[in-house]
Amino acid sequence: MRTELVSVPGSPERPNEDWAAAVVPAAGAGGAVVVLDGVTPPAGDDGCVHTVPWFTARLGGALTELSGSRRDMPLADILFSAIERTANAHRDTCDLSHVRTPQATVALARWDEETVEHLVLSDSVLLLESPAGAVTAVRDDRLDRIPREVLRSHEATDRLRNREGGFFTAAADPAVAARAVAGTTPRAEVRALAALTDGAARWVELFGAGDWADCCALLAKEGPRGLVERVRAHESADAAAGGVRRWKLHDDATAVWAEL
């Protein structure tokens, strides 16, 4: 098994709100990957005294520990427990009912000698590459179904956040774990996998520089840093040409590549 990870902030003036980890069990069989993308809240009250990086570190740490130590728990149960544990860590100091309470997208994978489990919540993505080179993208596309003009309004977005007919993120309610896109694949059908926050997935989703199979080929050849460097080059070139395809020039970008 070979695993590479890179996480680059969108701006040196702001903390990186992404979080990532890779786990190799002490027994040496299998592993796990955890990637979170913290949701940047609009300016104003969010009911919490903590920062988004505080939240992603707490949630990511819980997911990593449980993924490695509780092999008997399905990933949805692990996400439920991790959200509950994180909420309990600041329930006495913060208003967890606030719609903008700290939250994150989730991409989670775990494998052993028999199966590869996956779970995705919101707009991070997992890529599963077969021994023959075919790539399956595991995505939660609910955010894609919401018109861009609606998402430009903070108030309209709040009305859809963690609501039926809208989209779901890991926030303070552990019941959201049941909303995640989850499943299993036979281990023999997965040669490698990747977990990307949307800042790294821009290479495919925003700039159309290749498809998901091309993305996996790039990760295998140049690693996660190579992918993120290419994203940054596209962002800078687009900005220089007067592009207006996104609300921030650079986003936090995190990529994990694991060859099983």
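A: Here is a chat about the sheets, the helices and a few single residues.

Q: What should I know before we start?
A: This is a predicted model, where local features need pLDDT of at least 70, side-chain atom pairs count only at pLDDT 80 or more, and totals for chains, interfaces and linings use all residues. Residues are numbered from 1 along each chain as its sequence is written, and side-chain values use heavy atoms, with hydrogens and water left out.

Q: Ok, what's the strand order in the sheet that has E1 in it?
A: The order is E1-E10-E9-E6-E7, an open sheet of 5 strands with antiparallel pairing. Strands here are DSSP runs (E, at least two residues), helices are DSSP runs of H or I with at least four, and both are numbered from the N terminus. Two strands pair if DSSP finds at least two bridges between them.

Q: And which strands are at the edges?
A: Strand E1 (2–8) and strand E7 (135–139), and each of them pairs on one side only. On average, neighbouring strands in this sheet are turned by 10 degrees against each other, direction ignored. For angles like that, axes are lines fitted to C-alpha atoms (for helices over the stretch in contact), and angles run from 0 to 180 degrees between N-to-C directions.

Q: How many bridges join E1 to E10?
A: There are 7 of them, and E10 covers residues 253–259.

Q: What about E9, is it buried or exposed?
A: E9 is mostly covered, with 5 of its 5 residues buried. Buried means under 20% relative accessible area, exposed means over 50%, and partly exposed is in between (1.4 Å probe, protein chains only). Ala192, Ala194 and Leu196 point one way from E9, while Leu193 and Ala195 point the other way.

Q: Who does E9 pair with?
A: E9 is joined to E6 by 5 bridges, and 5 bridges also join E9 to E10. On the E10 side, Ala192 stands opposite Glu259.

Q: Which helix lies across that sheet?
A: Helix H5 (residues 198–205) lies across strand E6 (125–129), E7, strand E9 (192–196) and E10, and runs at about 80 degrees to E10.

Q: How do H5 and H6 pack?
A: H5 and helix H6 (residues 212–240) pack at about 105 degrees, with their axes 9 Å apart. That makes H5 roughly perpendicular to H6; the cut-offs are under 35 degrees for roughly parallel, over 145 for roughly antiparallel, 65 to 115 for roughly perpendicular, and oblique for the rest.

Q: Which residues meet there?
A: Trp203 and Val204 are among those in H5, and Leu218 and Leu227 are among those in H6. Contact means heavy atoms within 4.5 Å.

Q: New topic: what's the order in the sheet with E2?
A: It goes E2-E3-E4-E5-E8, an open sheet of 5 strands with antiparallel pairing. Strand E2 (18–23) and E8 are the edge strands. The twist averages 5 degrees from one strand to the next. E2 pairs with strand E3 (residues 31–38) over 6 bridges, and Ala22 stands opposite Val33 in E3.

Q: Which helices sit on that one?
A: Helix H1 (residues 52–69) packs on the sheet and touches E2, E3 and strand E4 (104–111). Helix H2 (residues 75–90) lies across E4 and E5, at about 45 degrees to E5.

Q: Where is Glu117?
A: Glu117 is in strand E5 (residues 115–121), and Glu117 counts as buried because its relative accessible area is 16%. Setting aside neighbours within four places in sequence, its contacts include Pro74, Leu75 and Arg110.

Q: How many disulfides does the structure hold?
A: The structure holds 0, where a disulfide is a pair of cysteine sulfur atoms within 2.5 Å. For Cys48, the nearest cysteine sulfur is that of Cys94, 3.4 Å away. Cys48 counts as buried at 13% relative accessibility, and Cys94 counts as buried at 11%.

Q: Last one: is Ala188 buried or exposed?
A: Ala188 is exposed, because its relative accessible area is 65%. Ala188 is found in the loop between strand E8 (181–186) and E9.
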